[in-house]
Amino acid sequence: MTYIEKKELTVLIVTYAKRWEYLKISLQHLLSYRQYIANVILVQNGNDYNLQNYLTAEHLDELRLKLIVNQNNEGSAGGFGIGIETAQQVRGKYLLILDDDNFLPVDSFENLQALDHLKLSSIYGEKIAVSLYRPDHDQNPEKFTSTTYISSDSYSNTVCDFSILHKIKRKSYLKTRAVASIAESFSIPYSGLLIEKQLLNGVEPVQRNYYLYGDDTRYTLRLSQAGVRFLTFQNIYSRDLERSWYQSDNQVVMSYKNSVDAMLHVEKFADLMRPFYQIRNAVNTSNTVLKTKPVLYFLNYYIYLIIPFFVYMPKNKMGIRNYKVFWKAMTDGQRGRLGKSNLFR
C-alpha cells in the first residue's frame, strides 16, 4: 500500500510577480506523478500578467488547475491563507504546499510512497505530517545527526526564540528523538508541508494580518499544539530553482551574533522592512500563542528589548534610527498592531 493513493493529492502553489519561468518548471514536474494529483490550486499574488494565458499555452490542463488571482500582492499570509482555505473545500485527502520555484523530484515522491504509515503512526501517533527536506536551503548541519529536538511545549514563554531559562539550562528543554534518523520540528515553513486535510480542521486560520512573514510559523505552531508532529526525512526532499538572497555569489554576508545585531547594522532604511515584520510578527506569536506564564514571558520580553541597546547597537545616528525601528517592531507585536506598517508605505 502506498502512502498516497491515486487522486488523493491537492497541491497548493503561491506565485508572485512575473515568475513564470520558475513556475512553469515546477508545474511541469507535477506531471510526472499526475495520476496521484486530484487538483492543483495556484494563487497568483498580484495581477502582474495574464497567467491563465500562459497556463493554457503550455497545455497544463491535466493538472486540474484552479487559479485564484489576488489583484494585489497580499504577501505570504494572504496568498497561502486563501489557498489553504480553498484546499479544504476541494477533493483530495492530502495537501502538499510548494513555492513557485521548487518541486518534488520523482525519486523523492517514490521515497514518500514507500513510507510505512502504520509503523510511523505506532511511533508518533496518528497526527503525522511530512516536511520536505530542502537541501539547497537548509542551514542546519545537525538536522539528521542530532539525537534531540525542542518540542512546542518546551518553547513556551520564549520571545523571538529567546528565553533566559534556555540560556541557563538548555539541555533540560531538549527531548530525545523517537527515531534518530528522522528530524522533528514543532514549526515549519509552508513550502514542503504535506499533511492530511482533516488535521487542518478546527485549527486557527492563517493570520492574514502578519502580511509578509511569520504566518507559517504561527500556523504550523498551532497545528503542533493540536498534536500534529512534523517529520523530515533525508530522502524525501524538494529541489529549489532559485537561490535565496544569502546564497548569492555576489552577496557579501557579514557575520553577526544574531538577527537583532544584524538589524541594528542595516544602512538603508528600506532594508529594515524585512527584519521589522519578522520581529513584530514573532513577538505577536510569542504573546498570543506561546505565553503561559506572564512573569517569565515579560522577563524574556524586556531582556530581549533592552539588551540590544547596550550590546549590539552602533553608537551613532544609524544605530539609534535602527533601534527605534526595532523598538517599534517589538511594541507593535506586543500590542497587536499588525498589517502593513506606515513605516514602509
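Me: Is Asp99 buried, partly exposed or exposed?

Reply: Asp99 is partly exposed: its relative accessible area comes to 21%. Keep in mind that this is a predicted model. The cut-off for buried is under 20%, so Asp99 at 21% does not count as buried.

Now for its partner. Asp99 makes a salt bridge with Arg134, and the closest N and O atoms are 3.7 Å apart. Asp99 belongs to strand 4 (residues 94-99), while Arg134 sits in the loop between strand 6 (128-131) and strand 7 (148-150), so this pair ties together parts 35 residues apart in sequence. Arg134 has 15% relative accessibility, so it counts as buried.

Let's follow strand 4 to Tyr94. Its ring pairs with that of Tyr3 in a tilted arrangement, with 5.7 Å from centre to centre and 35° between the planes. Because Tyr3 is in the segment before strand 1 (9-16) and Tyr94 is in strand 4, the pair ties together parts that are 91 residues apart in sequence. Another tilted pair is Tyr36 with Phe109, whose ring centres are 5.3 Å apart and whose planes meet at 55°. Here Tyr36 comes from the loop between helix 1 (20-30) and strand 2 (37-45), and Phe109 from helix 4 (residues 106-113), 73 residues apart. Tyr36 is buried at 16%, and so is Phe109 at 4%. The whole structure holds 25 aromatic pairs.

The largest nonpolar core has 36 residues, and Leu27 and Leu30 have the most contacts inside it. Elements that each supply at least two of its residues include strand 4, strand 1, helix 1, strand 2 and helix 4. Helix 1 gives the most, with 4 residues. Take Leu30: leaving aside neighbours within four places in sequence, it is in contact with Val11, Ile13, Ile37, Val40, Leu63 and Leu98. As general background, nonpolar side chains in soluble globular proteins tend to be buried together. There is also a second, separate core of 25 residues, which includes Val159, Tyr211, Met263 and Tyr277.

Back to charges, then. A search of the whole structure finds 16 salt bridges. One of them joins Lys175 and Asp153, at 3.4 Å from N to O. Lys175 is in strand 8 (residues 174-176) and Asp153 in the loop between strand 7 and helix 6 (164-168), so the two tie together parts 22 residues apart in sequence. Lys175 is partly exposed, at 33%. Glu204 and Arg222 form another salt bridge, 3.5 Å from N to O. Glu204 lies in the loop between strand 10 (193-196) and helix 7 (215-225), with Arg222 in helix 7 itself, 18 residues apart. Both are partly exposed, Glu204 at 25% and Arg222 at 22%.

Some charged residues join up in a network instead: Arg19, Asp100, Asp101 and Glu242 are linked by salt bridges. Aromatic rings gather too, with Phe162, Tyr304, Phe309, Phe310, Tyr323, Phe326 and Trp327 forming one cluster.

Methods. Residues are numbered from 1 along each chain as its sequence is written. This is a predicted model: local features need pLDDT of at least 70, side-chain atom pairs count only at pLDDT 80 or more; totals for chains, interfaces and linings use all residues. Side-chain values use heavy atoms; hydrogens and water are left out. A salt bridge is a side-chain nitrogen of Lys or Arg within 4 Å of a carboxyl oxygen of Asp or Glu. Buried means under 20% relative accessible area, exposed over 50%, partly exposed in between (1.4 Å probe, protein chains only). Rings of Phe, Tyr and Trp (its six-membered ring) pair if their centres lie within 6.5 Å; planes under 30 degrees apart count as stacked, over 60 as edge-to-face and the rest as tilted. A nonpolar core is a set of buried Ala, Val, Leu, Ile, Met, Phe, Trp, Tyr and Cys residues joined through side-chain atoms within 4.5 Å. Contact means heavy atoms within 4.5 Å.
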